[in-house]
Amino acid sequence: MNCRHAALLVAAAVDGELRPLQALSLRRHVARCPACAQQQASLRALRERVQAEVPRHTAPPEFRARLAATLDAAAADAPRRPRPAEGRWRWLLGGALAGCAATVTAWFVATAVIDGRAGENLAVEAVNVHVRATLGSQLIQVASSDQHTVKPWLSARLDYSPPVRDYAADGFELVGGRIDYLDRHPVATLVYRYRLHNIDVFVRPQTAHGGAAPLRSLRGFNLVRGDAADMEWIAVSDVAPDVLATLVERIVKDAAGP
Amino acid sequence: MPHLDAAYNLARWLTRDVHDAEDVVQDACVRALRYLASLQGSDARAWLLTIVRNAFYDWLARNRPAEVVQVGDDAMEAIVDVAAVDPQQAALRSAETRALADAVAELPLQFREVLVLREIEGLSYKEIAQVAGIPMGTVMSRLARARALLQRSPMLRAIGGGGGVATRSVR
């Protein structure tokens, strides 16, 4: 085992996430490697301090009471239509096996609902973010036309490093970047200016469910999506769709490599 | 109600505010209402935490689109990438004594959430992956990054420096 491999396992060992065999080979490596031994000790120490000094907040009793009242009211408000279903529900829960099944079903239903909604709402969300940023003062958090300033700024705040390029020669001037929240994840936003229009380009690693419509328009804004090299770009602006598509094509071409 | 403390704790660390945390938990519970009665066991906890996290991001988009940024600008600078920080400011910061809990509170959101779920809520990598909707590998890399940021934070510099923590806490 080399140190690069060990580094991954050290954290997992501290978290108790190693399989016995992995743990054994890690122990052998750590016994011979002072650097990895030190890293392991350091992570253990950090963890002990975090667990000792960082509090777990508990719900205050007043809040508990208020919440219970709210939930009771909400439950009372809910239509009592599903009476028969409720009876079946209870019957289902009667068996231990069925109980498990119910939990699993709830999981799947919830996940499916969350996934479906996220995919459907992505375009709406992207437009909302764009409008909010354009109206407010938060259009740009790091103002620079220098890609070497914008890229590290974004990378320091995300767990991926978005490609950043200026296309001033094509009329798309890079004016800065910011962090937004899209699809419930932080996302890098590159801000370009084309004539007097602002273009937001969201850059994120490709998601499993991805595959949104490549081109559409919504409330007068145009959206163009592109992907290459495991990254996904969503450009939003009020410029003409073909102009927006030109920018996305350039970006995707550069990302895909020569 | 099962797992309410877990829900509250997560909301509290995400919003970093008592009242906002209550709003988020309440919203999450109303959404989860139909299933609350069947919430038992640890799967249910992960499931409720997923809803809390979703409620939080929706709340964030509704209420604090601009504040998200200020977090990034002023608080994060203290811990994020040493190279990106003005050295003078870094020196000033390290002179301050900063509680570890504050350092956690100032982690960028995506690193804070995995750290809180792992270290305070005690979730497994798999459960964190479920709650945050990210692959296991991403859980591990975010956790590693969160810890590296904490180790590098002025208050904990001794840890990264040479295992001085044991002596530190004994003293």
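Figure 1. Nine of the ten residues of strand β3(A) (residues 185-194) are buried, so the strand is largely enclosed by the rest of the structure. Buried denotes a relative accessible area under 20%, exposed one over 50%, and partly exposed the range in between (1.4 Å probe, protein chains only). Strands (E, at least two residues) and helices (H or I, at least four) are DSSP runs, numbered from the N terminus. Strand β2(A) (residues 172-182) pairs with β3(A) in the antiparallel sense over ten bridges, where pairing requires that DSSP find at least two bridges between two strands. Within this pair, Tyr192(A) of β3(A) stands opposite Leu174(A). The hairpin of β2(A) and β3(A) has two residues between the strands, and Asp183(A) takes a positive phi near 60° there.

Residues are numbered from 1 along each chain as its sequence is written, while chains are lettered from A and ligands numbered from 1 in the order in which they are written. As this is a predicted model, local features need pLDDT of at least 70 and side-chain atom pairs count only at pLDDT 80 or more, whereas totals for chains, interfaces and linings use all residues; side-chain values use heavy atoms, with hydrogens and water left out.

**Figure 2. The hairpin of β3(A) and β4(A).** Strand β4(A) (residues 197-205) and β3(A) pair in the antiparallel sense over seven bridges. His197(A) in β4(A) stands opposite Tyr194(A). Two residues lie between the strands of this hairpin, in which Arg195(A) takes a positive phi near 50°.

**Figure 3. Strand β7 of chain A, with both faces covered.** Seven of the seven residues of β7(A) (residues 231-237) are buried, so this strand is largely enclosed by the rest of the structure. In a regular strand the side chains alternate between the two faces of the sheet. On one side of β7(A) the buried residues are Met231(A), Trp233(A), Ala235(A) and Ser237(A), and on the other they are Glu232(A), Ile234(A) and Val236(A). β7(A) pairs with β4(A) in the antiparallel sense over seven bridges, and Val236(A) in β7(A) stands opposite Asp200(A). Seven bridges also join β7(A) to strand β6(A) (residues 221-228), and these two strands run antiparallel. The bridge partner of Arg225(A) is Ile234(A) in β7(A). In the hairpin of β6(A) and β7(A), which has two residues between the strands, Ala229(A) takes a positive phi near 50°.

**Figure 4. A salt-bridge network containing Arg47(A) and Glu119(B).** Side chains of opposite charge can pair when their charged atoms come close. A salt bridge is counted where a side-chain nitrogen of Lys or Arg lies within 4 Å of a carboxyl oxygen of Asp or Glu, and the structure holds 22 of them over all chains. Glu119(B) and Arg47(A) form one with an N to O distance of 2.9 Å. This pair crosses between chains, from helix α7 (residues 109-120) of chain B to helix α3 (residues 34-53) of chain A. Glu119(B) is buried at a relative accessible area of 6%, and Arg47(A) is buried at 12%. Glu119(B) also meets Arg147(B) in a salt bridge (2.9 Å, N to O). Glu119(B) lies in α7 and Arg147(B) in helix α9 (residues 136-152) of chain B, so the pair ties together parts that are 28 residues apart in sequence. The network links Asp15(A), Arg47(A), Arg118(B), Glu119(B) and Arg147(B).

**Figure 5. The salt bridge of Arg56(A) and Glu121(B).** The N to O distance of this pair is 2.5 Å. Arg56(A) lies in the loop between α3 and α4 (61-77) of chain A and Glu121(B) in the loop between α7 and α8 (125-132) of chain B, so the pair joins two chains. Arg56(A) is partly exposed at 38% relative accessibility, whereas Glu121(B) is buried at 7%.

Figure 6. The predictor gives the complex an ipTM of 0.71 and a pTM of 0.59.
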